[in-house]
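Please read each point with the structure in view.

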Amino acid sequence: MNEYGNVFMNNWGANVNSFTGGYAEEFGITLSNNFYDDIWDGVYRSTGTFTKIINHPASGYDNHKAIAKICKTFYFQYLVDLYGDIPYSEAHQGVNIVTPKYDDDKAIYRDLVVQLESAIDMIDNAPAGTNVVGAEDVILGGDMMAWKKFANTLKLRILLRQSELTDAETTTYLAGEFAELASASFVDQDVTINPGYSSGSDTRQNPWMNLMVELAKDANGNFVERNTFRFRRASAYIAGQLNSTSDPRRSKIFKPVSGADITGVIQGDQSALNGGGTAPAAISSLGPGLVKDNAQDGYMMLAAESFLLQAEAVHKGYLTGNAQALFDQAIAASMAMFEIGATPTVDYIANINGIVGKGYGAVGATPAQQLEAIFYQKSIALNGINGAEIFIEYTRARKNGNPLIDENIPMPLNSVTPTGNKPRRLMYPISEYASNSANVPVQTIQDAYNTAPFWFE
């Protein structure tokens with residue numbers, strides 16, 4: 001999911017000086033039923049455990065079941081956002097229902113909110129003697145108040161995803177649901193996951209790191225890079241964005257070739273040395289803020305994302321508050337996550353708030369340009385961390401044809417699509433046509449470009 005979003009958001013390019021043929025499907029934007037099918041298969045397999053916990057008959061585990069509901073909602077929102085209609089009410093039933101029906105994506109979204117509210121209610125009203133959540137919680141360490149904040153923030157994200165819709169029913173629904181969040185507390189620290197990642201073995205190190213580097217370091221104590229790391233490089237587009245604003249995060253997200261600026265390659269370009277292209281001889285790799293240590297945390301939601309969601313809700317009048325202050329808090333939280341010092345953070349916030357489309361407080365910025373600034377800062381804060389989230393948000397923003405968003409993110413060279421744009425959704429995988437053919441909707445490649453989850457329609 002991270003790779004899919006970062007490539008489609010034109011954050012990542014390919015190391016064309018050392019590899020050939022990589023990202024051919026992504027740069028050509030040639031979708032198929034095999035294209036990123038591991039997202040579907042992996043999420044459905046892994047989330048089955050949450051359903052088992054929720055449905056387990058044992059008493060005294062209200063808090064554990066509430067956590068399972070929140071986590072299941074977290075992942076099922078992404079399934080809806082990437083595919084639309086999916087199996088939901090009959091999913092995870094094992095041999096009892098081996099061919100689950102597909103549920104309407106809008107109905108699923110509404111039920112996800114119900115599940116979050118149910119989880120909060122279970123936490124608030126857990127019976128006396130309910131088992132305390134402890135070290136088995138490798139996300140929030142049994143802090144049930146923090147779980148409530150996470151649930152509230154997921155609800156906020158689900159509601160905002162629908163906020164571009166203008167029909168009367170949705171307008172009324174959102175007004176009622178946002179009213180319930182008027183006094184809610186939201187995520188104010190990074191929501192991380194770490195079940196004990198270490199350098200003890202390949203299977204114990206952070207799985208992202210396991211993709212990028214060998215377990216053992218070299219004689220000088222440096223990471224030994226895998227091809228997965230050597231292949232992924234900064235794109236020319238994102239290099240231009242980060243360098244033009246002197247964003248101090250650029251040397252954390254990518255490794256500068258020389259000086260402070262990063263160097264990127266145009267998506268679809270070829271090596272200038274032997275491929276007839278114009279790629280630079282040295283291209284920035286993923287940086288030390290992303291590839292840090294065998295034991296580094298995984299991320300489920302950043303505080304920066306939470307603050308930007310709140311800023312958008314205030315900007316649109318759904319919540320009360322100070323959108324500018326929340327916007328600045330988001331940047332500060334992102335800088336802290338990347339271990340950027342106080343002075344560069346303050347300087348960047350002051351500078352960026354003078355740039356239309358990138359800073360919320362830019363003089364003369366229209367409401368649409370202020371919203372664009374929120375989207376932009378989210379794309380930088382989540383760059384390399386949650387690519388799927390920022391591409392889904394990019395898709396949502398395209399609903400009303402925002403020209404800044406469509407013009408600023410270029411298509412790869414020589415890409416061919418039915419509409420001239422990037423797809424709005426993924427295609428159902430081969431596994432569904434093989435095992436659930438009676439229920440999986442009929443879908444063409446063109447449908448991936450012309451149809452979308454309900455919040456786009």
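1. In this predicted model, helix H15 passes helix H16 in a left-handed crossing. H15 covers residues 367–381 and H16 covers residues 387–397; their axes come within 10 Å and cross at roughly 160°. Because angles over 145 degrees count as roughly antiparallel, H15 is described as roughly antiparallel to H16.

2. Which residues of H15 and H16 meet? On the H15 side they are Phe375, Lys378 and Ser379, and on the H16 side Ile390, Glu393, Arg396 and Ala397. Sorted by class, the contact of H15 with H16 has three nonpolar residues, one polar residue and three charged residues.

3. H15 also packs with helix H13, which spans residues 323–337. The angle for this pair is about 10°, and the axes lie 10 Å apart. That angle makes H13 roughly parallel to H15. From H13, the contact uses Phe327, Ile331, Ser334 and Met337; from H15, it uses Ala373, Ile374, Gln377 and Ala381. What classes of residue form the contact of H13 with H15? Six are nonpolar and two are polar, while no charged residues take part.

4. A further pair consists of helix H5 (residues 105–124) and helix H7 (residues 168–180). Their axes are 13 Å apart, and the packing angle is about 15°. H5 is therefore roughly parallel to H7. As for handedness, H5 passes H7 in a left-handed crossing.

5. The student may wish to locate the residues that join H5 and H7. Lys106, Arg110, Val113 and Glu117 belong to H5, and they meet Glu169, Thr170, Tyr173, Glu177 and Glu180 of H7. The contact of H5 with H7 comprises six charged residues, two nonpolar residues and one polar residue.

6. The note now turns to empty space. Rolling a probe the size of a water molecule over the atoms shows where such space is left. How many cavities of 30 Å³ or more does a search of the whole structure find? The search finds one. The largest cavity has a volume of about 40 Å³.

7. The lining of the largest cavity is formed by Tyr4, Asp81, Leu82, Phe391, Ile392, Thr395, Arg424, Arg425 and Trp455. Helices H4 and H16 each supply at least two residues of this lining. By class, the lining of the largest cavity has five nonpolar, one polar and three charged residues.

8. The largest pocket has a volume of about 1,300 Å³. Its lining has 36 residues, and those nearest the centre of the pocket are Met1, Asn2, Pro207, Trp208 and Ile385. Of the lining residues of the largest pocket, 21 are nonpolar, eleven are polar and four are charged.

9. Which elements each supply at least two residues of the lining of the largest pocket? They are helix H1 (2–8), helix H3 (37–55), helix H4 (62–83), helix H8 (207–212) and strand E6 (298–301). H3 gives the most to this lining, with seven residues. H4 was also named above for the largest cavity, where it supplies at least two lining residues.

10. The second largest pocket holds about 350 Å³ of space. It is lined by 18 residues, and the closest to its centre are Tyr44, His92, Val98, Pro100 and Glu432. H3 and helix H18 (430–435) are the elements that give two or more residues to the lining of the second largest pocket. The largest share comes from H3, with five residues. In this lining, seven residues are nonpolar, seven are polar and four are charged.

Definitions and conventions. Residues are numbered from 1 along each chain as its sequence is written. This is a predicted model: local features need pLDDT of at least 70, side-chain atom pairs count only at pLDDT 80 or more; totals for chains, interfaces and linings use all residues. Side-chain values use heavy atoms; hydrogens and water are left out. On a 1 Å grid over the protein atoms alone, a cavity is a set of points where a 1.4 Å probe fits but cannot get out, and a pocket is an open set with protein on both sides within 12 Å along at least five of seven lines; lining residues have an atom within 4 Å of a point. Grid points are joined across faces, edges and corners, and a volume is the space filled by probe spheres set on the points. Helices (H or I, at least four residues) and strands (E, at least two) are DSSP runs, numbered from the N terminus. Ala, Val, Leu, Ile, Met, Phe, Trp, Tyr, Cys and Pro count as nonpolar, Asp, Glu, Lys and Arg as charged, and the others, Gly among them, as polar. Axes are lines fitted to C-alpha atoms, for helices over the stretch in contact, and angles run from 0 to 180 degrees between N-to-C directions. Angles under 35 degrees count as roughly parallel, over 145 as roughly antiparallel, 65 to 115 as roughly perpendicular and the rest as oblique. A crossing is left-handed if the near helix is turned anticlockwise from the far one by less than a right angle, and right-handed if clockwise. Contact means heavy atoms within 4.5 Å.
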